Amino acid sequence: MTAILAVARTYVVTACRERETLFWFLVFPLLLLTLLALIFGNIGESGAMTYDIAVVNLDTAPGAAAAAGVVAALGQLSVAEGESRPLFRLHTAAADSDPGTFLAAELDALRIGRRAAVVEIPQGLSASIAAAAHGSVAAELAVRVHKSGGRTSSDMAASIVEDIVAQVDHSLLVRMGLYDEARALRVERLDLGANAETFSYVDFVVPGIAIMGLFVSGLFGVPGTILFGRERKVLRAYWVTPLDVPHYFAGFALGHLAICTIQLVCVWALGRFAFGAHVALFRPLPLLVLLLASVTFLAFGFLVASVARTANGGMALANIVNMPMMFLGGLFYPLGQLPSALRAIMMVNPVTYLGDALRGVTGTAAASFPLGVSLGVAAAWIVVCALVASWRLTWDVGR
Amino acid sequence: MESAALMSVANLVKTYGEVRAVDGVSFSVPRAEVFTLLGPNGAGKTTTLEILEGIREADSGEIEVFGRKLRRVDRATKERMGVLLQEGNFEPYLKVREVLRLFASFFRSARSPNEVLREIALEEKAASLVKTLSGGQKQRLAIGVALINDPELVFLDEPTTGLDPQARRNIWSIVSGLTAAGKTIILTTHYMDEAETLSQTVSIMDHGRLIACGTPRELTSSLGQETIVEFVAGERAAGASEALAASCRSVRNEAGLVSVETDDLVATLRRLLDWSREAGVAVADMVVRQPNLEDVFLSLTGRRLRE
């Protein structure tokens, strides 16, 4: 046990002292989090006069005048007049797409700050209004304006939409000669953060950065230590002592997990105290996902180390797989509609599942995959990597 | 009764493809002595040592160490051994004392790092990173690591290769201290003077085989009572070799340096001076000396140690 702890301590100490390693495991994730938070964290907050609004019209029956009126009114504000920019940039579903799926995707976009508001026109709205106009009660259905609580741009866009809907309602009823204040069309404002913590783009990106940090640490840290240690006979000096590979590996893995912990605490602290993130990483389920992610990327690092013949070859291989795996893992933005080739990479990428699972269990975004599937895929990667590494990895320079 | 030999090997064989790196090597290492494997690069010294250190497994042969016969060196044996690897390294971002602590943790019982630091004269570098050490300091640290478990048997694989003369002498001083403390040392080197200075027993290896074994004096005596005469004759070296051939046991011309082995020094010197006067050639840098291990190797293989 003393030897295991000593190896773990060596791993941590050398990682903290070596500038290049320190950059990748600590500075890079913190820098990236800072940049993303500064660039995208306040979309539409300052000086932006054009709001990205999604309109999801589920009331497409013939003669649905109210729904058509709302869409048309919003559309008018999305046309530029003269030199000024339009107030809205409207996003509507393609003619052949499923409105329900489109709504879900747009709500995700709202969560991460890519939409200022999402306007949902429920099915049967127009009929409901017509029935109410001739009856004595208010319409049962309402136009839903989804906004992202805490974001000024979202609040402003939602208010403008509400005004427009009120104007449409008013003009509609006046035209029908049935305007009655008591039976006016209602607008429900649905705040995404109303029932829980208020999540922002930073909350979306903190779990992504956490997973990315673990990924980079495993991908570069493991081959770097093992392959350079092997090549420079640092490891050989261990093998002439009573220390054996299982004990060394245990110490190495423990040290790696310690590094991952330091990294996670730093990422969380930066997100929390510098950018006001509310995401809770240190709860049982998120911790389980993070532990699994650390082990998965540790195993992945050993996979890379086992297929590379030299240390430089290992680092080159790590660089080659780094970009596609990191950027096709949905860590920094949702992977909505990728071309099929890229989608195939995404679907086998452990980063995708672990990032998705962490967002799901922290509640910062709806998970695209069931938690069991994500954890299962990660476990499968661990098994495959462990099998390949135990078959191919050599712990000493050959002849 | 305790055996006089701490370690012995018999018919050790290690093959890499077509190459027999170690080809039926047998020897015994007496207790509390420096046993040296001397030979040129590629002779099989390091492979032999790697088998004895437990890094590699022999294809065949027997190893007996600390009174136990082993197929491969095991953990219990490693507890009693210390190893300085050829071109070994340590984590560059660890401090010197941390390296000693790390290695101390691998053994059931170990010495205090401070005590070892004193022994290898690295106390003032205890808090320095490994990457900042000079070659000689790194090698002293490597010896310190090899001694951290107070081993009975110490392997030193080419401990002074690449070091400057002062650093070499520092290492020699440490090794002499170990011998005085009763440690058994297995040393490999391709430096003849190192083997002569440090060893009680020298085994000469070439092409994976042991070709001679004995004390340095026994080995040099095996050449008889001959004397070596060396001089520089430049372009006329071939003429000098021809003129001296009849009066000596052997003569070699290596790029203008003539080396003569003779049993009759007076006759050889007379012929040399006669040839010098008749040919009008000045003989430069003449040395008359007794044979050394380099000459033994030359006599046995026809090559020099560093060829």
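**Burial, crossing and contact**

Modeller: Buried residues make up 44% of the 307 residues in chain B. This is a predicted model, in which local features need pLDDT of at least 70, side-chain atom pairs count only at pLDDT 80 or more, and totals for chains, interfaces and linings use all residues. Residues are numbered from 1 along each chain as its sequence is written, while chains are lettered from A and ligands numbered from 1 in the order in which they are written.

Biologist: What makes a residue buried or exposed?

Modeller: A residue is buried if 20 or more other C-beta atoms, placed from the backbone, lie within 10 Å of its own; 12 or fewer makes it exposed, and in between it is partly exposed.

Biologist: Why is α1(A) called oblique to α9(A)?

Modeller: The axes of α1 (residues 2-17) and α9 (residues 245-275) of chain A cross at roughly 45°. Angles under 35 degrees count as roughly parallel, over 145 as roughly antiparallel, 65 to 115 as roughly perpendicular, and the rest as oblique. That angle therefore makes α1(A) oblique to α9(A).

Biologist: What classes of residue are found where α1(A) meets α9(A)?

Modeller: There are 15 nonpolar, four polar and no charged residues. Ala, Val, Leu, Ile, Met, Phe, Trp, Tyr, Cys and Pro count as nonpolar, Asp, Glu, Lys and Arg as charged, and the others, Gly among them, as polar.

Biologist: How many residues does each chain bring to the contact between them?

Modeller: Chain B gives 23 residues and chain A gives 20, where contact means C-beta atoms, placed from the backbone, within 7 Å. On the side of chain B that touches chain A, 12 residues are nonpolar, four polar and seven charged.

Conventions:
Axes fitted to C-alpha atoms, helices over the stretch in contact; angles between N-to-C directions. Helix = DSSP H or I, 4+ residues; strand = E, 2+ residues; numbered from the N terminus. Contact = placed C-beta atoms within 7 Å.
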